[in-house]
Structures are given as C-alpha cells and as structure tokens.
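Q: I would like to learn how to read the packing of helices in a structure. Could we work through an example together?

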Amino acid sequence: MSAVSLVDRVRTRLALEPVAPTRAGVAALVREESGGLLGDDDVLLAVQEAVDELAGAGPLEPLLRRPGVTDVLVNGPDQVWVDEGAGLALTSVRFAHDEAVRRLAVRLAAAAGRRLDDAAPWVDVGLPDGTRLHAVLPPVSGSGTCLSLRVLRRCSRSLSDLASAGALPGGSERLVRALVRSRLAFLVTGGTGSGKTTMLSALLGEVDRSERLVLCEDAAELTPDHPHAVRLLTRPPNVEGVGEVTLRDLVRQALRMRPDRLVVGEVRGAEVADLLAALNTGHDGGCGTLHANRPAEVPARLEALGVAAGLGRAAVHSQTAAALAVVVHLRRTPVGRRVEELGVLRRAGELVTVEPGWRADGDPCPGADRLHQLLGGGP
C-alpha cells in the first residue's frame, strides 16, 4: 500500500473535521484506511508521516528535529538546504511538485494566523513553536515557492558553560561578569548566527537574584537562569490586518512594569528611540542585541534605526552617548562562536564612536583604560 495514497485518504477525511487533528485521531484513521493490513510498526510510521504532513512541516519535519539545525531553506520542490552550524548543505529531501511546497507554506502561515495567497504572496511570521517562517510564492519567486525556516533553539547556557566551550577567551569572562555587576547599559553585537542571543541569555543569568528582568522579544528565545524574568512577546496582525503588537509597544509597556533591567531581545526598529530614552531616564543596566559586523559600525546602525524612528542624527548620537557604555562583540569562527572585542562608546564631537577596550587577539586597545575604569577597576 502506498504511504502517499494513504496520507491522501487520511487528509481527505480530516478535511471534514471541525478541529485540528490529534495523534490519536490520525492513528485511528490510519488503521481504518489501511483496513487493518498494517502492523504496529507500520502504523507508527504511517502516523508519523501523516502527522508531519497534516499538522507539522511535512517532509521538512525530520530536518527540523535534528539537533543543531538552525535553518531549513526550500528553493523549490527539488532543492532543500539545511544549516547544522557548519554552513548550508543540500539534502536529499524532495517534494513531489511545487504545489506541495505551496500547500505546506500556506498551511504553516495559516497556523500563525497569516494569509498567504496570490494577493499576499509573501509572509514573515513566527510559528506557534517559535520557528521563524518566511515564504514567497510565484511569480514573485521565479524559481517556485521558497520557504525559509529559522529554528528556535532555546538552550540555556551559563557563562561558565560558554567559557568551557571557548566562547570567552582570555580575560573576557572576568570582564563581562564585571560588566553585569556594574549595571552599565550594554549591547551584544555580531553577525547572523554569531551567538548574540545565547551570550545575552547567559549574561542575564548573572544578574543579582533580587532584580526584576523584563524581556521584550519577537520570539521567546532568551532563557536566562534567573528567578524573576517577565517576558513580553510581539504579535503580528491578524488576517484582517489588525491587532499587531510591536517591539516599540512592548518597550513602552515594560517601562510601566518596574523593570530593574529592561531587555530588548533584538534592537532592529523604531523601538530604539524608546529604549535610548529609557536608558537615559534612570533605567540602569538595560541591554539587548544588535546586528553589526564590527563594533565600529554600531553607532551607524543605531543612527539608521533612530532616524527611521523620527529622531534627528544629533539626537541619536547624544542619547546613545548618555545611554550606552559598552559593546560586547561576537564573531562566528571555523572553530565556534566567541567574544572578539569589548568596545567602549565615546563622544567624538557631535558623534559617537566605539573604541576597542579589549580584544581577543591581544592587540593594543585605545579604550582599555576607559573600560577598566567603567568596570570598577579605578583610574
């Protein structure tokens, strides 16, 4: 008996059901549709295939379950790529045709309450399990339906764990611990996949247990080992285009929740204006992550975000200079992710610059004395 035809028959039966399928319900239908000709092992396999097809990510589900997978990318029915931490690799997974890819994309989008069709040919949304979905339909995508799935790996690692893994070379462990104790505002920066969220989560685990953390995120990625962490999550608009909750909304609400530490999972939009304002009005120790390829690019990234949010260039730099003190920069290397530099923010006329205060390569750092002073080491 063809597993594909069996799944097709089960799909047809479930389409008439008013509620989402359960594993038990799928198992009962598989047994019924197979006429009792399948053994227990075959039933389990058929149920898994049916659940993946009808409620999971179809043929992509086994890839998403693999430990260490960060991205699954579909460039059409015959090209499925996966990143398990060492770069993209082409897999043997194939779809029967592009309509199967499209059907999967539409179903995943619908599970997140979003529309995906010819009138709305792309979607960018978090799925209920935290996986990030981006999909584009033809003809906008010239190579067939394209799917990008960024896998959420909620892994709580302490600073000691990261140090043991080589992520905190030299004296960086001592410095970042002092950074948390000093209650200075800081940003964890780096490129895509450099470990920013993991590092920020570990740093938050070092915060004094008497302090209250309020986390503002798009998806629940931060997992600090801390007894008093309150999480706020954004929400996309519904199919009617209403009900959206943005990071900027969350930051404003967080300020009314008596945070000892205001945390923005990723600073990437208009929320930068409210965050800088908060850090300038008594909210010490605030932090977040920011995408930047080098520490020296941080002021330019903040300027671009702030200007887009309605702030003037001078205002962005002035507020940044008063709000933020240190940048913890990470880099993804062939042997793993690690802290590459600790930078110190300084005023240079009307602008802000980032000077190296510590570097993993041991090169001289013009901001070393300033970093030492900020972290309580004296002049």
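A: Let us begin with one pair in this model, which is a predicted one. H9 and H10 are roughly parallel to each other, since the angle at which they pack is about 20° and angles under 35 degrees count as roughly parallel.

Q: What describes two packed helices in general?

A: Two packed helices are described by the angle between their axes and by the distance between those axes. In this case, helix H9 covers residues 247-254, and its axis lies 8 Å apart from that of H10. The crossing of these two helices, H9 and H10, is left-handed.

Q: Which residues of H9 and H10 meet?

A: On the side of H9 they are Leu247, Arg248, Val251 and Arg252, and these meet Glu271, Ala273, Asp274 and Leu275 in H10. Sorted by class, this contact of H9 with H10 holds 4 nonpolar and 4 charged residues, with no polar ones.

Q: At what angle do the axes of H10 and H12 cross?

A: Helix H10, residues 271-279, and helix H12, residues 313-323, have axes that cross at roughly 45° and come within 8 Å. That angle makes H10 oblique to H12, and the crossing in which H10 passes H12 is left-handed.

Q: Which residues make the contact between H10 and H12, and how many of them are charged?

A: From H10 the contact is made by Leu276, Ala277 and Leu279, while H12 contributes Val316, Gln319, Thr320 and Ala323. By class, the contact of H10 with H12 has 5 nonpolar and 2 polar residues, and no charged residues.

Note on methods. Residues are numbered from 1 along each chain as its sequence is written. This is a predicted model: local features need pLDDT of at least 70, side-chain atom pairs count only at pLDDT 80 or more; totals for chains, interfaces and linings use all residues. Side-chain values use heavy atoms; hydrogens and water are left out. Axes are lines fitted to C-alpha atoms, for helices over the stretch in contact, and angles run from 0 to 180 degrees between N-to-C directions. Helices (H or I, at least four residues) and strands (E, at least two) are DSSP runs, numbered from the N terminus. Angles under 35 degrees count as roughly parallel, over 145 as roughly antiparallel, 65 to 115 as roughly perpendicular and the rest as oblique. A crossing is left-handed if the near helix is turned anticlockwise from the far one by less than a right angle, and right-handed if clockwise. Contact means heavy atoms within 4.5 Å. Ala, Val, Leu, Ile, Met, Phe, Trp, Tyr, Cys and Pro count as nonpolar, Asp, Glu, Lys and Arg as charged, and the others, Gly among them, as polar.
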